[in-house]
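This report covers the aromatic ring pairs of one model and the surroundings of the rings.

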Amino acid sequence: MFLRNRSDQPGPRGATASRPGRMLGASAIASVPAKMLLAGPAAAYNGNAAANYADTYATTENSAFVSYDPDDCTNFVSQALQAGGQPNAYGYGDPADLRNWWEFPKSDVSDIYIFGRPASYSATVVPDLKTFLINSGWGTAEGNFSYKSGNPAPPFTPGSVVTGDVLFYDWGQGNGISHASMQVGIGTDAYGYYGNWVDEHTSNRKHIFWTLRPVNAYFADTTIYYVHVSV
């Protein structure tokens, strides 16, 4: 059975984890690293480099980073995004809002712990990553697909969704978006499905059909949201 990124877990991974909009005091804001306040999106995102990273670590862990196994899907995608050129410790809007910045473990510990937690919400919590990609300008929402429409899944995601882009999954069980994967290529997966491949963590898998239907017990209720990484 397909294991989803558990939404009933406290802490940074679960989709319904407590995410207070805690604001930092003036002294804390003064200590926020300048690179977080000033950094902009990468000049160019290399989707192939991101996909190569995802392929390398799809079925294992990169010891250079903290793992949230078995709830590691968003952290894994964030690592791949950085490998593709997205800058770590990037913030936008109000830097005192914990949802407005993106950083994950073992990248720059001195920055991370200024906020009293091991990683930002947007790097490790599924819906926060989706929101951050779109609100920061890194990503563009490109629609969605649901089996509930009664239509079969097309082999390929929309043409605007390419290698290195991110897919988000709502299993339709009342928990909202609770899983993420990265699109990495095209081929026939181990279950005989042909089309776009994704890599994922939580249940660590490499080169599986993008809807995850063969391993998703909730496929008939699932909605998949496409986000093109656009910078």
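The count comes to 10 aromatic pairs, where rings of Phe, Tyr and Trp (its six-membered ring) pair if their centres lie within 6.5 Å, with planes under 30 degrees apart counted as stacked, over 60 as edge-to-face and the rest as tilted. This is a predicted model, in which local features need pLDDT of at least 70 and side-chain atom pairs count only at pLDDT 80 or more, while totals for chains, interfaces and linings use all residues. Residues are numbered from 1 along each chain as its sequence is written, and side-chain values use heavy atoms, without hydrogens and water.

Two of the pairs are listed here.

| Pair | Centre to centre | Angle between planes | Class |
|---|---|---|---|
| Tyr147 and Phe219 | 5.3 Å | 85 degrees | edge-to-face |
| Phe156 and Tyr194 | 5.8 Å | 85 degrees | edge-to-face |

Tyr147 lies in the loop between strands E3 (139–146) and E4 (166–170) and Phe219 in the loop between strands E7 (205–209) and E8 (223–229), so their pair ties together parts 72 residues apart in sequence; strands are DSSP runs of at least two residues, numbered from the N terminus. Tyr147 is buried at 11% relative accessible area, whereas Phe219 is partly exposed at 24% (buried is under 20%, exposed over 50%, partly exposed in between, with a 1.4 Å probe and protein chains only). Both residues belong to a cluster linked by ring pairs, which also includes Phe145, Tyr193, Phe209, Trp210 and Tyr226.

Phe156 is in the loop between E3 and E4 and Tyr194 in strand E6, so this pair joins parts 38 residues apart in sequence. Phe156 is partly exposed at 34%, and Tyr194 is partly exposed at 46%.

Key: Helix = DSSP H or I, 4+ residues; strand = E, 2+ residues; numbered from the N terminus.
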